[in-house]
Amino acid sequence: MLFPRAVLPSLLHLTPEWLASRGLKGVILDLDNTLLPYGEEALPPEHEAWLKGLREAVPIYLLSNAMPERFARLQKKLNLPGHAPALKPWLGFRRALRALGLPPHEVAVVGDQVFTDILGGNLVGAYTVLVPPLKEREFFYTRFIRMLETPFRRTKGESA
């Protein structure tokens with residue numbers, strides 16, 4: 001339950017071709033430290049271009065444990081469906097799947113945390129993809145959890 005199906009060296013490696021080759025037709029995407037650095041509200045330019053290309057190929061749903069006000073600002077700016085706080089890993093994923101209108105085995109759950117993104121995605125039967133966090137500065141609790149995640153930050157299947 002804690003191991004991702006795939007580990008990528010960067011979010012930018014998740015391309016429409018990569019998804020299609022695995023039969024994946026939608027993406028549930030984490031926000032903080034996956035799509036944009038923790039605590040920031042501007043996408044890195046390379047992530048803006050990546051997001052534009054991906055959203056032309058597959059539907060994307062933002063799923064985050066961020067504070068609702070901040071999430072609402074970012075969601076409006078990005079013009080993507082989603083919700084927060086999602087209470088990952090236990091809640092939120094089924095709602096995201098319903099919104100995408102796809103079965104779990106056709107959806108990639110992409111995030112930087114094992115105990116939220118990967119566990120939650122695996123619990124619903126999605127294809128889980130772990131990417132490295134964008135920034136080392138994080139919420140104190142998250143830094144502590146990352147130490148516990150270390151043994152699971154690899155895959156039993158494929159990588160890159």
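Select V27 and look across to strand β5, where its bridge partner is A108; strands here are DSSP runs of E with at least two residues, and helices are runs of H or I with at least four residues, both numbered from the N terminus. The model is predicted, so local features need pLDDT of at least 70 and side-chain atom pairs count only at pLDDT 80 or more, while totals for chains, interfaces and linings use all residues. Residues are numbered from 1 along each chain as its sequence is written, and side-chain values use heavy atoms, with hydrogens and water left out.

Next, select residues 26-29 and 107-111, which are β2 and β5, paired in the parallel sense over 4 bridges; two strands pair if DSSP finds at least two bridges between them.

Within α5, 9 of the 11 residues are buried, that is, under 20% relative accessible area with a 1.4 Å probe and protein chains only. Among them are V114, I118 and L119.

Then pick T116 in this helix, a residue that is buried with a relative accessible area of 12%. Leaving aside its neighbours within four places in sequence, T116 is in contact with N65, K88, P89 and F93.

Terms used: Buried means under 20% relative accessible area, exposed over 50%, partly exposed in between (1.4 Å probe, protein chains only). Contact means heavy atoms within 4.5 Å.
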